[in-house]
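User: I am new to this structure and would like to understand the terms used for it as we go. Could you take me through one contact between its parts?

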Amino acid sequence: MKSWFKSGTPWIWLNACAVSVSILMVIGLLGLIAMRGLGHFWPADLAQFDYMERDGSMSRLVGEFHETEEVPAEQLRASGDLNIGDEAWVTRHLIKTGNRDVSGMDFRWVIDSRISSLTYPRPLVAVERREWGNLYGYLHSLREAGRTVAEGEAAWKPFMERLARAEVLHAQIRAIEKDEIGSINSGMERLRLAKRKLELEGIDDPARLTAIAAEEAGLQQRYAGLQNELLKLYEAIQRDSVTFTVADGKQVHVPLAKIVRAFRPNAMSLPDKAGHYFAKLWEFVSDEPREANTEGGIFPAIFGTIMMVMLMSVFVTPFGVVAAIYLREYARQGLLTRTIRIAVNNLAGVPSIVYGIFGLGFFVYFLGGNIDQLFFPEALPAPTMGTPGILWASLTLALLTVPVVIVATEEGLSRVPRAVREGSLALGATKAETLWRTVLPMASPAIMTGLILAIARAAGEVAPLMLVGVVKLAPALPLDGDFPYLHLDRKFMHLGFHIYDVGFQSPNVEAARPLVYATALLLVLVIVVLNLAAIAIRNRLREKYKSLEH
Amino acid sequence: MPTSSRANFMTPPPARQRRRLVVDALARYTVGLGGVFVIAAVALIFFYLLYIVIPLFLPADARPVASYPLPGGKEARTAHLVMDELREVGIRYTRDGRVFFFDPADGNPRGEGRTLLPPETRATAFSAGDSATGIVAYGLDDGRARVLQTTFKVTHPNDVRLVTPHLSFPLGEEAIVVDDQGRPLTRLAVQQGEESASLVATTDDGRLILTHITQEVSFLDDEVTLEVAHTELPAPDQAVDFLLLDKEQRTLYAASRDGWMSVFDITDPQAPALIQRLRVVGDGLQVSALTFLTGDISLLIADSTGAINQWFPVRDETNTMRLTRIRTFDTGQGTVRSVGVEPRRKGFMAADDQGRVGIYHTTAHRLLEISSVSTAPIRLVSVAPRADAFLAEDDSGHLHYWTVHNEHPEVSWSALWGKVWYESYAEPEYVWQSSSASNDFEPKFSLTPLAFGTLKAAFYAMLFAIPLAIMGAIYTAYFMAPRMRRLVKPGIEIMEALPTVILGFLAGLWLAPVVEKNMPGVFALLLFVPLGTLLFAYLWRLLPSHLTQRVPEGWDAALLIPAILLSSALALWLGPHMEHAWFGGNMPEWLSHTAGIDFDQRNALIVGIAMGFAVIPTIFSMTEDAIFNVPKHLRNGSLALGATQWQTLTRVIILTASPGIFAAVMIGLGRAVGETMIVLMATGNTPVLDFSLFQGMRTLSANIAVEMPESEVGSTHYRVLFLAALVLFAFTFIVNTAGELVRQRLRSKYSNL
């Protein structure tokens, strides 16, 4: 034993242990996110049971089992629950009971031993609403303009049909409210600014003023027409409503306009559930958030992230590539290149929040403020560019990711064999031509690698964005149908910030948590895929030029 | 010789050639610019941060604007000078009960002077209340007092700003009876609040009288009825030369010129109590000026040596409030004759008998500027509401109007990094508390707790990361089978790309509750996993060799995975039982109740694990490179000389690679220090100075993220946040540069070997 220790073998094993622990942590982390993130969309069965409350009274509960844990009995006793028997350990479940409007809470803990007559009744309906979260209950009756059309089990089919109609109407209303009226509003704002600009410049041009007024009148008229249309749609959508009997026997009345979807999880077959699962998954990536971001989808966040990353790529690629070319092809190795390398390392090592504060101070307040003074005086004192927005966010992140592109490009350039350059130069090409025609095309996969890594970094960065343009809920996307289509001054939503905001700033964290896991999963997937792609490209490049070198 | 058809070196190139050369030269310059751009970017960040930060440390700048004879003549002495917010109107109250309005910029009168006293009375005392209310009072020779209020109305007739002063009598036209015996009042103090007003006066026969006035507004006709109550206070033995009442009408200070001060608690006007009597200047010295600092908590007491002392009540061990001397401003020569207080900051201006005015700030303990205003001694100085100008009156009967540029007096080296004794604190402390709703708030800009929090978070993260990363890297680089290494290295490096917001979110919402619930299990893991590994290794050695040799060399790490999982499961399973047996079933509660250690759910342990996780890949990857790149012949030589693998590793390989490992740790440290999202989400963000594993912290970076969005551009708070960023920048710059230099040296060393 002693000699075994002296030989150092145990230390080698401990070193091996460190690697295994690191790998296990990575796998565990990814597994945890995947499990929690993907599980959320599966329609959980709805349980109905009788439950003895801590004071001995009985109540009926309906809900989804969410979590189960063992707790020491003392802990429960300390919190005032004495009705738990003599066991040292107590099993309890977290139940999602929904019906926040009826009971005031979404979730509650129940003690396993006090549950009786647990069933999964087929007719139980789960309703996703536009406000107040989920509703669980039995379908009682379906009404049209206050008159009962169908009752009980027979109401399910007509309910589904009318729900489909309500959904179509809702989509129409949204299209008018958001797109058309939104575009009228932005048009009015544009006209107001145009007028103000004339005023500021002291131009008294009646022809232009009348043109503006005429355009304004046109918009007003269109607005009135849309209002009329909306009124009709609202009337139509409010025709139907439905009543549910919830667990404690109360009746809850829900207009169909407020329902996103309704389903009977206990009556669903496996393919039904799978269909529901994918429908929910699609909603998650393609829809807008509801209820303070705790329900619905994350489309604006995905869109905002992609937009920001694309803008950033436009800025970062030329600078990164040019700097790398300088380091590798032009500069003589000496003090200057060493200084540049130190600068690159520092750019990579400066905390991201420092970029954020620099971006806010320099880009937003200094550059943006001056741009406003020069180009947008008509909008002042409301800032146009002098406020955080997607342009400044992408510039800040471009600065932050420049080292990634430089390092990757440099590596790629160093792999291009000398012979290629010498051959080109020997044929009479200038240095620039050699670079442009031979070296850069050969190194382009490396540039790609750098760009992909930069994108992966930018997609996951949150701290600087919090200061330079990300918001929890953006009223409009940075790209839309209104002139000038790409709105560089707009604030945007971002996947990473969405995780922070919903997970930590949300009023109902418990309800929002599954969605945060799903968002986290999406973000991790994107980043892991990007990184793997970068690694694959880099490895292929290495292999390719290995043969050229020898 | 017909050489013209032949090209030689002197032949000018054809146009196309020339264009190619121009393009080539252009490309060279563009690319050169690109290289310099990187340095420029780093320099720009640094200098921009510096540019924002520097105004914090600039001295104040005071400039003379105008000097003119006293408006209203110098026959009567000035009792009080005021300016409005915009410095368009100056008001001078004289001791004989008249008021003059003038333009501070040139001294020209604005309207006629007015007499403020009731007919056939003489003013014998004067007092100005809280500057925000504009209340002043004259004590009269018949035992009454006249209370006045000045307000300023801003109108814009014809788009020109016009400020009009407006005089009113908030307690009615009739003078208030203070002394019902009708003796002349010699000293007076006045304050008016929302519902009540207080007047305190001394009479010429040595009594000290408190008059409390309650205002009641009738609901029917808005008529105000006053209820006046008189109480006589025990008069001090010494003369009362200074009488000060705080704006909350709770504490009264009466002081004599030779430094004896009596402190009365008049919270209950019916039962005032003397709570302290003390000497506030040294023996043989005189009090030359005495006034409240804004907020009416601190007193500024100038003595005849030219020193100004700040005093405020401090709770002592017996829980009684005692007036205590906090700090001293030594003005050098000259006696301070008047102290003007900034109405919205804890700053003041002191005028002395040498004709100088000094600008000071109490919290920062800083003299910002001292300027010679007049050749004659100055008897009165008054600060404009925004502290952007002052009026000084000298003995020759002239007023001097100066503007002041003094944006950030609150910050000094000692206020940022040292212990500061803040108002209402029992002792000097390091506090970060940047804002509050109140106007009288004393901002507390100590970066020490934040820097401490940053280092604490980094320390625990490194404690977790260094062993795992370095040991893992040693194994991966030196022992691991190449095929496995090709999987493991990218696997761990992908960890580096993992967004920290996800780590923070998991740490805060998943890990923190899990660790809180299984605390003994988590600590048991630290012991069980290495022990389990060793046990497995020992058992493995005992296995017959034909079995063990089936596993190819360098795959031990994979073998260990079941052993680690098993021992972790054992530790977590045993955890609750240990908790039950030793910690009364709930370790966090046991910690806070039995062991007396404060426990936060989101604590340094969580941050250490989460941030450790984030820096492991950085350290791992660079250490692995450093060890892997140690030239092979060193290893082979050592092994050939009979050293074991382990001896070769510890005596040769690690020693050679140690600069690289050092660089890796440095760069990992830089990352841990600057990380924002993890600490933001996995701690409670309370700026405490406590190294405990079970308490949270607030780091510089998280502080920026939390407070920057609410900070007003250009304010002191804004600049201090930039300073925090500059500190972070400087720290990571040093660490990264050191790491990079070491790596550059190492690279050239390896290439030489």
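Analyst: In this predicted model, the area buried between domain 1 of chain B and domain 2 of chain B is about 2,800 Å², and carbon and sulfur atoms give 59% of that area. Buried area is the accessible area (1.4 Å probe) that two parts lose on being put together, summed over both. Residues are numbered from 1 along each chain as its sequence is written, chains are lettered from A in the order in which they are written, and hydrogens and water are left out of side-chain values, which use heavy atoms. Local features need pLDDT of at least 70 and side-chain atom pairs pLDDT 80 or more, whereas totals for chains, interfaces and linings use all residues.

User: What makes domain 1 and domain 2 of chain B separate domains?

Analyst: The bounds, 72-279 for domain 1 and 285-429 for domain 2, come from an automatic or database domain assignment.

User: How many residues of domain 1 of chain B are in contact with domain 2 of chain B?

Analyst: Contact means heavy atoms within 4.5 Å, and 32 residues of domain 1 of chain B are in contact with 36 residues of domain 2 of chain B.

User: Why is the pair B:E85 and B:R344 called a salt bridge?

Analyst: The rule asks for a side-chain nitrogen of Lys or Arg within 4 Å of a carboxyl oxygen of Asp or Glu; the closest N and O atoms of B:E85 and B:R344 are 2.6 Å apart, so the pair meets the rule. Across this interface of domain 1 and domain 2 of chain B, the rule finds three salt bridges.
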